[in-house]
Amino acid sequence: MKSLYLFLAGVFMAGTVFAQDFEYRKDTRSQREKEDSFGMYQSEQISTVEILQAMGIMGMNIFKFPLNPFDEKYNILITLDEYEKGEKVQSEEITRMSNMYYFFEGESMEDEDPTPYMDYLDQLLIYAKENTEDVALTISSYSMNARSRLEKKKERVRQNYYWRRYTKANWKLNESVPLLVYASSWWDEMNKLERFCGVVDLSLKEEYTQELLDNSPHYYVISLKVYE
């Protein structure tokens, strides 16, 4: 393998001088082999979960919310509510959008006269990028992106914030449905440590979800509302 690297290095250093010495042959390798010729990224071994874990370590999270099928045109409102010691202190409208989007036949914009169509949204994505003092949010659909920021209000060095999601976030007409919670840890005086407890899926047990929210001194709730 070392001799192969030296050979290739010599070829690249030589530039195009010896190009005529190589025979043309169609590259039939897989796309993975083309993009990772020497297997340095271990792409055949790294799972999607491991990639997402790496993104999480770098402070990037992705949350996907499938939407129950629509059969009528509605509006969608995404809101951000901030709580301190269990009391709502601020409410922000992140974005309003239609539950429909435009697309073009063949997805080609190169046509001189592409035919536009409309369909109902079937999902929303929320991207969250962790920074030292805040979190950059992006709400994404097929037709738009909306952005907002969450401020971290830390009082202790070891205090941190964590994401928790609702998996049963099906829309209900004219009702606000929570999607995500971004909550701070709290100080456990009895055990003298920073604590963050509670279920990962906030849709599982309401009492455990309430326990988390009752203990967290500061948290945000991102919600969705479908309305006429």
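This is a predicted model: local features need pLDDT of at least 70, side-chain atom pairs count only at pLDDT 80 or more; totals for chains, interfaces and linings use all residues.
Student: OK! How many residues sit between strand 7 and strand 8?

Tutor: There are 4 residues between them, and the two strands form a hairpin.

Student: Can you give me a pair to look for? Which residue in strand 8 is the bridge partner of A136?

Tutor: Look for R149, which is the partner of A136.

Student: And what about strand 6 and strand 7, in which sense do they pair?

Tutor: Strand 6 (residues 123–130) pairs with strand 7 in the antiparallel sense, over 6 bridges. A hairpin links these two as well, through 3 residues.

Student: Why is strand 7 largely enclosed?

Tutor: Of its 7 residues (134–140), 6 are buried, so the rest of the structure largely encloses strand 7. Buried here means under 20% relative accessible area.

Student: Switching topic: what volume does the largest pocket have?

Tutor: About 330 Å³. Its lining is made of 15 residues, with G56, M60, N61, F63 and W163 nearest the centre. Helix 3 (48–57), strand 1 (60–66) and strand 9 (161–165) are the elements that each give two or more residues to that lining.

Student: Which element gives the largest share of the lining?

Tutor: Helix 3, with 5 residues.

Student: And how does the lining of the largest pocket split by class?

Tutor: You'll find 8 nonpolar, 4 polar and 3 charged residues in the lining.

Notes:
Residues are numbered from 1 along each chain as its sequence is written. Side-chain values use heavy atoms; hydrogens and water are left out. On a 1 Å grid over the protein atoms alone, a cavity is a set of points where a 1.4 Å probe fits but cannot get out, and a pocket is an open set with protein on both sides within 12 Å along at least five of seven lines; lining residues have an atom within 4 Å of a point. Grid points are joined across faces, edges and corners, and a volume is the space filled by probe spheres set on the points. Ala, Val, Leu, Ile, Met, Phe, Trp, Tyr, Cys and Pro count as nonpolar, Asp, Glu, Lys and Arg as charged, and the others, Gly among them, as polar. Buried means under 20% relative accessible area, exposed over 50%, partly exposed in between (1.4 Å probe, protein chains only). Two strands pair if DSSP finds at least two bridges between them.
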